[in-house]
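Here's a walk through one protein model, taking the sheets, the helix pairs and a few single residues in turn. Have a look at the structure first.

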Amino acid sequence: MSIQSINPATEEVIQTFEVYDEKQINQALDQARAAFQSWRTTTFAERSVHLHNVATYLRQHKEELARFSTLEMGKPISEAEGEIDKCAWACDFYADNAERFLADEQIATNATQSYVSYLPLGVVLAVMPWNYPYWQIFRFAAPALMAGNTVVLKHASNVSLAALAIERIFKESGLPEGIFHTLLVPGSSVERLIADPRVAAVTLTGSDAAGVSVGAASGHALKKAVLELGGSDAFIVLADADLDAAAQTAVRARFQNTGQSCIAAKRFIVVESVAEAFEQKFAATAAQLRVGNPLERDTQIGPMPRADLRAELDAQVQASVKMGARVVLGGKPVEGKGFFYTPTILSDVTEDMPVFNTETFGPVAAIIRAKDDEHAIELANNSQFGLSSNLWTQNIEHARQLARRIEAGGVFINSMTASDPRLPFGGVKRSGYGRELSLFGIREFVNVQTVWVGPATGPQMPAPTK
Ligand code: NAP
């Protein structure tokens, strides 16, 4: 069986890869397990040197690495290079902070001494998507490796050049053999990998459909799982918002990475009194987006990675239009070679339409009018997803109050959502569970071990207070 990388801008096959056979899979898992036994005994200082070396390698090979994602999944080249820089940042961040995040914590009890240690779990399987072919992997792998785990990657089947490059990055940066392995296998192999006794835990970044499979398989095997799934983030614009800033940011929030970001703003919920003005400003800026060859530096919208994904997006748009959505901009695939879709804005969107109640993973924005602030929050929460959200108003105190009522893993006030190694990242509802990045991310794949040292210095339970 083979898998192919296809250039979505030209529809030409770049390379065909044989999927790994049993022997190759077994060898990788054996090596990852063996490497764990020695890697777990290294000090934070030693691991830190390795991760800083990885960061340096990433910066030195930025152009070459970025080109793989542009060729395989159509990311505009300047965004692809920015992604490599961000991976380097995550490596440096965890190299510098992991020891502090995972230091033993003393807790006073009736023991002579009691404390908590954060110990690695073992081999963690990472099942990853194509949309940020490097960032998704590094934001998980940097903390997982710094915690003392080893990693086996099953990447999306359309980005094998990037998948193999990532394995090379760790090898050529001098990390010990077996610490990081790429397996070229289809999604259908994942359940078996999760069940394998050499695998301790699993992390998935992908669609909610894949989340259901991985969640079930990890539940069946009783293994820890983190699920980073889809989103349909609300971008709420209240009556007192700075409309120019909101509209400018809205374009980036929706169309960056050709609209293929889990945390892209997808539903623009605008209070009626400013809806017309916002729509005009948003559409005027979005109309300027340059669609084209992703290898050219001024391209802002590249092709979608696969014909089936573009067809799925177009079906969501056409069904919504049939139900009464108004096309403000675009609304159809670009004719000719490549899987391009025109930047699209639909207005007069209602809650029963696919562009509202399913995830649109491409350059399509939906504008929904809200009667008032209360209605805006109600609309925002009327989603099966809960990844992040954006809230625009000049009344920050009001925004803080409203933020507490938004059912999402993040609320970015007067900005767009962006992942940051210093802040936790993750969702609620069908956006998954668990967190990546920050202290929260590095504590997902550890054994929180309680150590109690006797003798007891008094009764376990404190005397009742009156
Ligand atoms: P996907 O189709 O779910 O694929 C993601 C990964 O899961 C791929 O490696 C895929 O392998 C594998 N996979 C697919 N179905 C599976 C199954 N039933 N069992 C086990 N593994 C399975 O998603 P995608 O199209 O690559 O990425 C887009 C989705 O990812 C969107 O929903 C997006 O919102 C989400 N995402 C979420 C985050 C986040 O942090 N929350 C970040 C980025 C993307 P194959 O390629 O071999 O099928």
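This is a predicted model: local features need pLDDT of at least 70, side-chain atom pairs count only at pLDDT 80 or more; totals for chains, interfaces and linings use all residues.

One of its sheets is open and has 6 strands, ordered β7-β6-β5-β8-β9-β19, with mixed pairing. The edges belong to β7 (180-183) and β19 (432-433); each has a single partner strand, so one side of each has no neighbour in the sheet.

Inside that order, β5 (residues 123-127) and β6 (residues 150-154) run parallel and are joined by 5 bridges. If you want a residue pair to look up, V124 has V151 in β6 as its bridge partner. Helix α1 (residues 22-39) packs on this sheet and touches β5, β6, β7 and β8, with its direction at about 155° to that of β6. Another helix on the sheet is α8 (residues 208-221), which touches β8, β9 (224-228) and β19. The direction of α8 makes about 165° with that of β8.

## The seven-stranded sheet

There's also an open sheet of 7 strands, again with mixed pairing, and its order reads β12-β13-β14-β11-β10-β16-β17. Here β12 (326-329) and β17 (412-413) are the edge strands, each pairing on one side only. Strand β16 (residues 389-392) pairs with β17 in the parallel sense over 2 bridges, and L391 has I413 in β17 as its bridge partner.

Further into the order, β10 and β11 pair in the parallel sense too, over 5 bridges, with A234 standing opposite R267 in β11. How many residues of β11 are buried? The count is 7 of the 7, so β11 is largely enclosed by the rest of the structure. Helix α9 (residues 243-255) lies across β10 (233-237), β11 (265-271), β13 (344-347), β14 (364-370) and β16. Relative to β11, α9 runs at about 160°.

## Two helix pairs

Two packed helices are described by the angle between their axes and the distance between the axes. For helix α3 (residues 62-73) and helix α4 (residues 77-101), the numbers are about 125° and 8 Å. The two helices are therefore oblique to each other, and α3 passes α4 in a right-handed crossing. On the α3 side, the contact uses K62, E63, L65, A66, R67, S69 and T70, which meet I77, A80, E81, I84 and D85 of α4. Sorted by class, that contact has 5 nonpolar, 2 polar and 5 charged residues.

Now for helix α5 (residues 135-146) and helix α6 (residues 160-172): their axes come within 13 Å and cross at roughly 35°. This crossing is right-handed. From α5, the contact takes in I137, F138, A141 and L145, while α6 brings I166, I169 and F170.

Start with F356, which lies in helix α12 (residues 354-357). Is F356 buried or exposed? Its relative accessible area is 1%, and the cut-off for buried is under 20%, so F356 counts as buried. Leaving aside neighbours within four places in sequence, F356 is in contact with S232, R267, V349, T350, E351, I368, L379 and N382. R267 is the residue that A234 stands opposite in β11. F356 and S320 are 36 residues apart in sequence, with their C-alpha atoms 8.7 Å apart in space.

D196 sits in the loop between α7 (190-195) and β8 (199-205). D196 is buried as well, with a relative accessible area of 14%. Not counting residues up to four places away in sequence, D196 touches L29 and K223.

Q300 belongs to the loop between α10 (272-286) and α11 (307-322). Its relative accessibility is 29%, so Q300 counts as partly exposed. With neighbours within four places set aside, Q300 is in contact with P76, E79, Q288, L289 and R290.

Terms used:
Residues are numbered from 1 along each chain as its sequence is written. Side-chain values use heavy atoms; hydrogens and water are left out. Helices (H or I, at least four residues) and strands (E, at least two) are DSSP runs, numbered from the N terminus. Buried means under 20% relative accessible area, exposed over 50%, partly exposed in between (1.4 Å probe, protein chains only). Contact means heavy atoms within 4.5 Å. Axes are lines fitted to C-alpha atoms, for helices over the stretch in contact, and angles run from 0 to 180 degrees between N-to-C directions. Angles under 35 degrees count as roughly parallel, over 145 as roughly antiparallel, 65 to 115 as roughly perpendicular and the rest as oblique. A crossing is left-handed if the near helix is turned anticlockwise from the far one by less than a right angle, and right-handed if clockwise. Ala, Val, Leu, Ile, Met, Phe, Trp, Tyr, Cys and Pro count as nonpolar, Asp, Glu, Lys and Arg as charged, and the others, Gly among them, as polar. Two strands pair if DSSP finds at least two bridges between them.
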